[in-house]
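Subject: Structure handover and notes

Dear colleague,

Please find the structure below, followed by notes on what came out of the analysis. I would be glad if you read the two side by side.

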Protein chains: 2
Amino acid sequence: MVNEEELNVEQRIIEAAADVFEEKGFAGARMQQIADHAGINKSLLHYYFRSKELLFEKIFMIVAKRAFGKSVLTLEKEGTVFEKIEKFFEIHQDLLWKNRNFPIFFINEVNQNPELIRKLLEKIEPSEQLKNFIVQFEEEKKAGLVRKDVDPVHLLINMISLSIFPYLGKPILKEVMVTVDVNYEEFLVKHRASIAQFVINSIKN
Amino acid sequence: MVNEEELNVEQRIIEAAADVFEEKGFAGARMQQIADHAGINKSLLHYYFRSKELLFEKIFMIVAKRAFGKSVLTLEKEGTVFEKIEKFFEIHQDLLWKNRNFPIFFINEVNQNPELIRKLLEKIEPSEQLKNFIVQFEEEKKAGLVRKDVDPVHLLINMISLSIFPYLGKPILKEVMVTVDVNYEEFLVKHRASIAQFVINSIKN
DNA sequence: TGTATCTTTGACCAATTGGTTAAACTAATT
DNA sequence: AATTAGTTTAACCAATTGGTCAAAGATACA
């Protein structure tokens with residue numbers, strides 16, 4: 001049960017629903033389970049949120065905003081491209097660490113219902129920061145700091161790939177790693193410490 | 001409906017179930033929908049496969065074997081590390097192209113039920129190829145061909161990340177890309193052509 | 001042709017699921 | 001204390017879902 005006395009009922013429902021939806025997904029989640037988890041009667045869910053669909057949409061947006069932080073693509077305003085890359089991984093990895101279960105949930109639900117991400121993008125607008133980064137990258141390319149053959153859009157997506165996949169693939173990596181005596185948690189820590197350098201090595205002139 | 005006359009009933013069920021399960025996941029899939037898709041009576045599903053759980057397990061294994069090809073980590077026996085990296089991406093990207101819907105399905109189902117991957121790993125044993133690659137990598141490191149600070153396990157997982165994420169993130173990338181006028185399909189083609197170089201740049205001395 | 005076996009179907013079932021409702025409870029206002 | 005509005009509950013409901021079963025159709029074999 002979720003913080004029985006501390007939060008008001010609506011908040012308790014939100015926390016419980018977030019837990020259950022993140023764990024089971026929309027199709028696998030049960031209203032009764034959410035009610036039990038929140039320590040309330042199932043009717044209260046409908047009293048506060050009308051239907052499973054509406055409750056889910058609300059929770060999806062709340063959880064997504066938490067997990068994305070201030071922006072989909074937190075890129076600092078100051079510094080060189082290399083510094084921004086390092087800072088990006090720091091922030092991104094922190095958010096992932098705090099929202100381990102979110103990536104799989106998010107990708108799966110958006111896959112089932114692409115409308116969700118359209119609604120989300122209205123609230124979190126990434127294109128501004130994105131465009132700024134691209135402009136700056138092209139400038140530093142001209143200045144000879146980064147390789148000429150690197151496309152900033154591909155670079156950004158490679159960075160996201162490297163950052164997120166260890167969390168997306170957790171259930172698989174965990175199992176495969178035991179067969180070769182590698183510890184998943186230790187891997188995560190070392191991965192976090194090495195990806196920025198991996199990317200910078202690849203693009204610097 | 002799946003190849004109404006060409007295949008026998010069992011095969012038709014398998015193809016239909018694969019389609020529906022891959023699209024909706026275990027929890028979201030409906031036996032009736034699978035039956036309709038296969039053009040048969042729902043009872044036949046139980047006649048051939050007893051229960052939804054058993055049908056799913058069968059389909060999961062079939063689909064996984066198809067998608068993984070000969071091995072989880074197809075790494076060539078001959079050639080330098082750089083050649084193996086290039087070859088890996090070729091094979092891996094081909095498999096992904098042919099099984100676009102598989103990655104999200106796979107990650108989600110394994111997340112819901114980790115037992116699945118344990119059963120799968122009994123059939124597809126990746127650790128042999130993996131160990132060979134690691135040994136060779138350390139040799140080429142000593143020979144000065146690759147950077148001293150690169151860990152082969154992390155390298156392999158980075159390679160898988162870069163290869164798979166554009167497919168895992170398809171629903172998200174697609175929507176985000178339209179907001180900055182990038183075409184997802186074109187992105188995929190260019191990505192495929194550039195990742196091997198991205199990785200090699202990062203590790204070569 | 002008869003019969004035994006395998007396949008296929010429609011009708012049906014019990015359990016689960018999201019959702020409703022009316023009544024009971026609570027707390028503030030007068 | 002009485003009234004009112006908001007909150008919570010238990011009982012209930014209709015639809016859906018996975019699954020069963022007996023009978024009807026095929027198919028092969030004697």
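Which residues of helix H7 (residues 115–123) of chain B are buried? They are B:Leu116, B:Ile117, B:Leu120 and B:Leu121, where buried means under 20% relative accessible area, with exposed over 50% and partly exposed in between (1.4 Å probe, protein chains only). Seen down the axis of H7(B), these residues fall within an arc of 130°, so they line one face of the helix, the arc being that of the directions from the helix axis to the C-beta atoms. They pack against helix H10 (170–179) of chain A, together with helix H4 (52–68) and helix H6 (102–112) of chain B.

Before going on, please note that this is a predicted model, in which local features need pLDDT of at least 70 and side-chain atom pairs count only at pLDDT 80 or more, while totals for chains, interfaces and linings use all residues. Residues are numbered from 1 along each chain as its sequence is written, chains are lettered from A and ligands numbered from 1 in the order in which they are written, and side-chain values use heavy atoms, with hydrogens and water left out.

Chain A has 11 helices and zero strands, both taken as DSSP runs numbered from the N terminus (helices H or I, at least four residues; strands E, at least two). Buried residues make up 51% of its 205 residues, and its C-alpha trace spans about 65 × 45 × 30 Å along the principal axes.

Within this chain, helix H9 (residues 152–168) and helix H11 (residues 184–203) pack at an angle of about 170°, with their axes 10 Å apart. The two helices are therefore roughly antiparallel, a term for angles over 145 degrees, with under 35 roughly parallel, 65 to 115 roughly perpendicular and the rest oblique.

Over all chains, 28 aromatic pairs were found, a pair being rings of Phe, Tyr and Trp (its six-membered ring) with centres within 6.5 Å, and planes under 30 degrees apart counting as stacked, over 60 as edge-to-face and the rest as tilted. The rings of A:Phe60 and A:Phe105 have centres 6.1 Å apart and planes at 50°, so the pair is tilted; both residues are buried. A:Phe68 and A:Phe106 form an edge-to-face pair, 5.3 Å centre to centre with 80° between the planes.

Best regards

Notes. Axes are lines fitted to C-alpha atoms, for helices over the stretch in contact, and angles run from 0 to 180 degrees between N-to-C directions. Contact means heavy atoms within 4.5 Å.
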